[in-house]
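I opened the model today to go through it piece by piece. My notes follow in the order of looking.

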Amino acid sequence: MEDIDTDNDGFINLEEFAQLCRSFSCASAAAELYEAFNLYDENKDGRISRSELYHVLNRLGMKCSRMIKGVDSDCDGCINFQEFEKMMATANGVVDFAVAAVN
């Protein structure tokens with residue numbers, strides 16, 4: 001936990017989580033990222049809907065408003081694994097995702 005929680009606030013934020021994902025080997029990182037995606041994809045349809053995102057973030061004490069819109073490249077109203085993976089692979093995507101979460 002100490003290695004991951006770089007700001008020592010007792011929590012792993014999205015930026016720290018993304019850094020953790022980037023630190024694994026390619027195969028391990030892909031598996032970890034898929035596991036993270038599945039935490040949000042509660043009905044296992046391969047997409048994160050607004051209600052699934054809201055439900056998970058609400059349990060974490062975070063608010064969500066425009067998170068999907070910022071990463072939904074195919075404009076279907078959901079985040080698929082490729083969009084999630086792209087977001088998590090770029091620092092700006094993770095920051096944008098996190099900023100939208102608190103708005």
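Is Ala30 buried, exposed or partly exposed? I looked it up: Ala30 is partly exposed, because its relative accessible area is 38%. For the cut-offs, buried means under 20% relative accessible area, exposed means over 50%, and partly exposed is in between, with a 1.4 Å probe and protein chains only.

Before going on, I note that this is a predicted model, where local features need pLDDT of at least 70, side-chain atom pairs count only at pLDDT 80 or more, and totals for chains, interfaces and linings use all residues. Residues are numbered from 1 along each chain as its sequence is written, and side-chain values use heavy atoms, with hydrogens and water left out.

**Entry: Ala30.** I placed Ala30 in helix 2. Helices are DSSP runs of H or I with at least four residues, numbered from the N terminus. I then checked Ala30 against Glu85: they are 55 residues apart in sequence, and 8.6 Å apart in space, C-alpha to C-alpha.

**Entry: aromatic pairs.** I found four aromatic pairs in the structure. Rings of Phe, Tyr and Trp (its six-membered ring) pair if their centres lie within 6.5 Å; planes under 30 degrees apart count as stacked, over 60 as edge-to-face and the rest as tilted. Tyr34 and Phe81 are edge-to-face, because their ring centres are 5.3 Å apart and their planes are at 70 degrees. This pair links distant parts of the chain, with Tyr34 in helix 2 and Phe81 in helix 5, 47 residues apart. Tyr34 counts as partly exposed at 45% relative accessibility. Phe81 counts as buried at 16%.

I turned to Tyr40 and Phe84 next. Their pair is tilted, at 6.1 Å centre to centre and 55 degrees between the planes. Tyr40 lies in helix 2 and Phe84 in helix 5, so this pair ties together parts that are 44 residues apart in sequence. Tyr40 is buried, with a relative accessible area of 10%. Phe84 is buried too, at 2% relative accessibility. Ring pairs link Tyr34, Phe37, Tyr40, Phe81 and Phe84 into a cluster.

**Entry: the core.** Which residues touch the most other members of the largest nonpolar core? Among its 17 residues, I listed Leu33, Tyr40, Ile48, Leu53, Ile79, Phe84 and Met88. Helix 1 (14–23), helix 2 (26–40), helix 3 (50–59), helix 4 (67–71) and helix 5 (81–89) each give two or more residues to this core. A nonpolar core is a set of buried Ala, Val, Leu, Ile, Met, Phe, Trp, Tyr and Cys residues joined through side-chain atoms within 4.5 Å.

**Entry: helix 1 and Glu16.** In helix 1, I marked Leu14, Glu16, Ala18 and Cys21 as buried. How is Glu16 placed? Glu16 counts as buried because its relative accessible area is 6%. A polar atom of its side chain lies 3.0 Å from the backbone nitrogen of Thr6. Glu16 touches Ile4, Asp5, Thr6, Asp7 and Phe11, not counting residues up to four places away in sequence; contact means heavy atoms within 4.5 Å. At the start of helix 1, I saw a side-chain oxygen of Asn13 within 3.1 Å of the backbone nitrogen of Glu15.

**Entry: cysteines.** I counted zero disulfides, taking a disulfide as a pair of cysteine sulfur atoms within 2.5 Å. Cys75 is exposed, with a relative accessible area of 68%. Cys78 counts as buried at 8% relative accessibility.

Methods: Polar contact = N/O pair within 3.5 Å; in protein donor to acceptor, adjacent residues only side chain to side chain.
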